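I opened this notebook to keep track of what I looked up, one entry at a time. The entries go from strands to rings, then to charges and a helix end.

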Amino acid sequence: MDEREKDDDEEAWLQLRPVEPLPSQCCGSGCSPCVFDLYHRDLARWEAARASKDRSLLRGKESQLLDIFLLQSCPSKLNPETFLAFRISAMDKLTKDTYRIQFALPGNSQLSLQPGQHLILRGTVDDLEIQRAYTPISPANAKGYFEVLIKCYQTGLMSRHVQSWREGDTAFWRGPFGGFFYKPNQYGELLMLAAGTGLAPMVPILHCITDNADDETFVTLVGCFKTFEGIYLKTFLQDQARFWNVRTFFVLSQENSVEQLPWSYREKTRFGRLGQDLIDELVHSCRRKPFALVCGSAEFTKDMARCLLRAGLAEDSYFLF
C-alpha cells in the first residue's frame, strides 16, 4: 500500500470514529444507557475494528442507519439507544410557562411505558445539541398518543426549543428509563410529594391505581406550588380526590390567605414550604404504612429525604425520582 492509499485508509477510519457527546447532551438523570455510555461502547468497537483492520465496520454503518430507519418506521416501539421521531398533535398552555404537549402514535398503538418512567428529549439550539428528561403524564395504557408536561425557563436552551414547536412538528425521543416499577397493591399507602412539574411521574401512577378496581392502595398526594393559579392539572387532581382511596393536599409558597382560595381547596391547602412539621403530620396520618415517592428539584428531593427519615421512614421506604 503506497502512502496515498494509507492516507485514504486513515481518513476513512477517522470519518467513522464516534464523536464524543457534549456535556449539554447529557440530561443528568442517571439514564442507562447514557449518551456517554453509548459513546464509549461505540468507541471501543471502532478501536477494536481499526486495530484488526476489520473493514466490516464500514459496511456496518450502513446497516446501523437501516436499523434506525426501520425503527422510525414504527415509532411506537421505544428504544433506549435510538431517538425516534414523534409528531406533535396538540399543545396546551397550562400556565404562563408550562405546556401539556401531546404526541401522536400510529393507529391505536401504545407507548408501553411503566407508570412513572421517563423519556429523553433531544433538541438543537444554535447548533448545540441538548437532551433533557421528561415523564409522560398520560395513562400507561393510553392508545394513539402520549402527553408530557414541560415547564419553560427564560434562560433554558431546551425551553427555547420547546417554545419554537407548533402542531405538526416532529420531536425526537428515546427511552424508557427509570427504576421505579409500580405493582397493584404492592404498598399499603403511597405518600406522593411533588414540587412543580415533579407532579408528572405521580400522574400515571394515580391513573394506574384509580383505573384498577382491584387496586386498593391508599394515596396521599401533596403538591407544592408557588400560587393557586400555578397548580397543574387541577381538574384531574380534583377528579382523583373523589376516589375513596385518594386524598390531595397543596402547599403554596407565595400565598398566605385562605379566603382567596375556592372553598373546595381551603381545608387541604397550607402556606409556606413543605417542612418537617407537615411531613411528620402527613406520615402519622397515613391510613396504612406509607411508601413515599418524591419528585422535584434537587434541593426539594434532598430536603424531603431528610424529613422522611426524621419522620421515621426507613431508607427503603421511599423512592426519589
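**Strand pairing**

I began with strand β1, which is joined by 4 bridges to strand β6 (residues 170–177), the two running antiparallel. The model I am reading is a predicted one. Within this pairing I looked up Phe 86 and found that Phe 86 stands opposite Ala 171 in β6. I then turned to strand β3 (residues 118–125), which also pairs with β6 in the antiparallel sense, over 4 bridges. On that side, His 118 is the residue that stands opposite Phe 177 in β6.

**Aromatic pairs**

How many aromatic pairs does a search of the whole structure find? I noted 16 of them. One of these pairs is formed by Phe 86 and Phe 146, whose rings are edge-to-face, with 5.4 Å from centre to centre and 90° between the planes. I checked where the two residues sit: Phe 86 belongs to strand β1 (residues 84–93) and Phe 146 to strand β5 (residues 145–151), so that the pair links distant parts of the chain, 60 residues apart.

Is Phe 86 buried or exposed? I wrote down a relative accessible area of 2% for Phe 86, which is therefore buried, and Phe 146 likewise counts as buried because its relative accessibility is 1%.

Next I looked up Phe 180 and Tyr 187, whose ring centres are 6.4 Å apart and whose planes meet at 15°, so this pair is stacked. I also noted that Phe 180 and Tyr 187 are buried.

Which residues do ring pairs link into a cluster? My list reads Phe 86, Phe 103, Tyr 134, Phe 146, Trp 165 and Trp 173, and I marked in it Phe 86 and Phe 146, the two partners of the edge-to-face pair above.

**A charge over two rings**

I then followed Arg 122, and found its charged end over the ring of Phe 83, at 4.7 Å from the centre of that ring. Arg 122 also lies over the face of Phe 172, where the distance to the ring centre is 4.9 Å.

**The end of a helix**

For my last entry I looked up Arg 310, which lies in helix α9 (residues 298–310). Arg 310 counts as exposed because its relative accessibility is 60%, and the cut-off for that word is over 50%. I finally compared Arg 310 with Ile 279, and noted that the two are 31 residues apart in sequence and, from C-alpha to C-alpha, 9.2 Å apart in space.

Notes:
Residues numbered from 1 in each chain as written. Predicted model: local features only at pLDDT ≥ 70, side-chain atom pairs only at ≥ 80, totals over all residues. Heavy atoms only, no water. Phe/Tyr/Trp six-rings, centres within 6.5 Å; stacked < 30°, edge-to-face > 60°. Buried < 20%, exposed > 50% of the residue type's maximum accessible area, 1.4 Å probe, protein only. Lys NZ or Arg CZ within 6 Å of the ring centre and 35° of its normal. Pairing = 2+ DSSP bridges.
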